[in-house]
Amino acid sequence: SAVSIPKSNFVLRGDSFSAEIFISANNKEALDPEIWVGNGNPEEVYRELGGDKYEMIGTEGVDYEVVRVQNGKGLYAFKTRTEGLKEYGGLIAMKSESGTKFYPFSGEYNVADVKPVVSPEWMNKVYIGLDNPISVSIPGAAASDVTPRCRNCSEAPKLINKTLGQWSIRPNKLTSGDEAEPLIDLYLNVNGKSRLMGTKDLRVVELQDPNPQVAKKRGGPIASAVLLNSGKMIAKASDKDIPSNAVSYKIISFFWKPTKGLAKQNKGFRFDEDLKTEISKMKAGESIIFRKIVYKQLKCPTCKPEEIEGVQMAF
């Protein structure tokens, strides 16, 4: 029977589709066969005449072509121009003592346009100092053959799930406006070689200051016992586009001031003894204000402690 073995069933537009065409069982001493190939639905490329006879449809050099044969194998190549699923078919004519025998064959391949896709999982942006999940793909190509490289990152993208094309990137500088440097280069494994398929700009932003909380509140009336029992100040992410567990913070220090008395600094996120004593002495109608709150983003080696400017909590 006739056999057609493509070099690859996935071809980029503008590249050439190529295949070896031959008889699966053949006498090495036999003459080389004649091979014709046409692009399109096999039913429109060749037809059966009956009695194991076939012929190509149309005009040679226009509708089909003669394939060069070497050592019994036809070497077929066709330069692609449009994307999509393509079909081809043809005939092998093998001469023997009993006459010429025809072997029809057919196949298909997929032609893809170069349209790399990079999709941030958190809306349409990525954040400095965070491991941002992204999905990468090239239509028509297996996700496992696509690899991203990050220009604006402190380290190489981390693989999450190669089968699904999921990676994470950690940008280290902002990009904005028309002068933004492309953030992601997408490479495709084509026949064992890495080929650059295009670049993708992503909007890189800084994280907003977190929201500080005491006893799950940001201010307002509260029982002194509840305030005292909470015993600490925490910080939660304020950007609702990212999961709460994607980023964490630690309070480094803050100042507190009672209704009567001077402001004092509390180092660390837990209430110190001075603050606990003051809260325990508070009477109804008195208040305490927390301000100059300093935090640090965890799991971020390059992040430094920062003050949450203009924020204070009054209880």
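Colleague: How do the residues that line the second largest pocket divide into nonpolar, polar and charged?

Modeller: This is a predicted model, and in it that lining splits into five nonpolar, four polar and four charged residues. The space in this second largest pocket comes to about 220 Å³. Of its 13 lining residues, Lys 7, Asp 15, Ser 16, Val 190 and Asn 191 are the closest to the centre.

Colleague: Which strands each supply at least two residues of the lining of the second largest pocket?

Modeller: β2 (10–12), β3 (16–23) and β19 (193–200). Two of these turn up again in sheets: β3 sits in an open sheet of four strands, and β19 in an open sheet of three.

Colleague: Start with the four strands, then. What is their order, and what is the pairing?

Modeller: The order is β1-β3-β9-β8, with antiparallel pairing. Neighbouring strands are turned against each other by 30° on average, direction ignored.

Colleague: Why are β1 and β8 called edge strands?

Modeller: β1 (2–6) and β8 (68–70) each pair on one side only.

Colleague: How do you know that β1 and β3 pair?

Modeller: A pair needs at least two bridges, and β1 and β3 have five, so they qualify. The two strands run antiparallel. As examples, Ser 4 is bridged to Ile 21 in β3, and Pro 6 to Ala 19 in β3.

Colleague: And what joins β3 to β9?

Modeller: Six bridges join β3 to β9 (residues 73–79), again antiparallel. Against the cut-off of at least two, that counts as a pair, so the link from β3 to β9 holds. Ala 19 stands opposite Tyr 76 in β9, and Ala 19 is also the partner of Pro 6.

Colleague: Now the sheet of three strands: what order does it have?

Modeller: The order is β15-β18-β19, and the pairing is antiparallel. Its edge strands are β15 (146–150) and β19, each pairing on one side only. From one strand to the next, the twist averages 30°.

Colleague: How do you know that β18 and β19 pair?

Modeller: Seven bridges lie between β18 (residues 184–190) and β19, and at least two are needed, so the two strands pair. Asn 189 has Ser 194 in β19 as its bridge partner.

Colleague: What do β10 and β11 form?

Modeller: A hairpin, with two residues between the strands. β10 and β11 (residues 99–112) run antiparallel and are joined by 13 bridges.

Colleague: Over how many bridges does β4 pair with β10?

Modeller: Six, in the antiparallel sense, between β4 (residues 34–39) and β10 (residues 84–96). Trp 36 has Leu 91 in β10 as its bridge partner.

Colleague: Where is the place of Ser 238?

Modeller: Ser 238 is in the loop between β22 (234–236) and β23 (249–258). Leaving aside neighbours within four places in sequence, Ser 238 contacts Gln 208, Asp 209, Pro 210 and Asn 211.

Colleague: What makes the pair of Ser 238 and Asp 209 a polar contact?

Modeller: A polar atom of the Ser 238 side chain lies 2.7 Å from the backbone oxygen of Asp 209, and the cut-off is 3.5 Å, so the pair is a polar contact.

Colleague: Last one: what volume has the largest pocket?

Modeller: About 420 Å³. Of the 21 residues lining the largest pocket, Ile 128, Gly 129, Gln 297, Cys 300 and Cys 303 are the closest to its centre. Strand β25 (residues 288–297) gives the most to that lining, with three residues. By class, the lining holds eight nonpolar, six polar and seven charged residues.

How values were computed
Residues are numbered from 1 along each chain as its sequence is written. This is a predicted model: local features need pLDDT of at least 70, side-chain atom pairs count only at pLDDT 80 or more; totals for chains, interfaces and linings use all residues. Side-chain values use heavy atoms; hydrogens and water are left out. On a 1 Å grid over the protein atoms alone, a cavity is a set of points where a 1.4 Å probe fits but cannot get out, and a pocket is an open set with protein on both sides within 12 Å along at least five of seven lines; lining residues have an atom within 4 Å of a point. Grid points are joined across faces, edges and corners, and a volume is the space filled by probe spheres set on the points. Ala, Val, Leu, Ile, Met, Phe, Trp, Tyr, Cys and Pro count as nonpolar, Asp, Glu, Lys and Arg as charged, and the others, Gly among them, as polar. Axes are lines fitted to C-alpha atoms, for helices over the stretch in contact, and angles run from 0 to 180 degrees between N-to-C directions. A polar contact is a pair of N or O atoms within 3.5 Å; within protein, one must be able to donate a hydrogen and the other to accept it, and residues adjacent in sequence count only if both atoms are side-chain atoms. Contact means heavy atoms within 4.5 Å.
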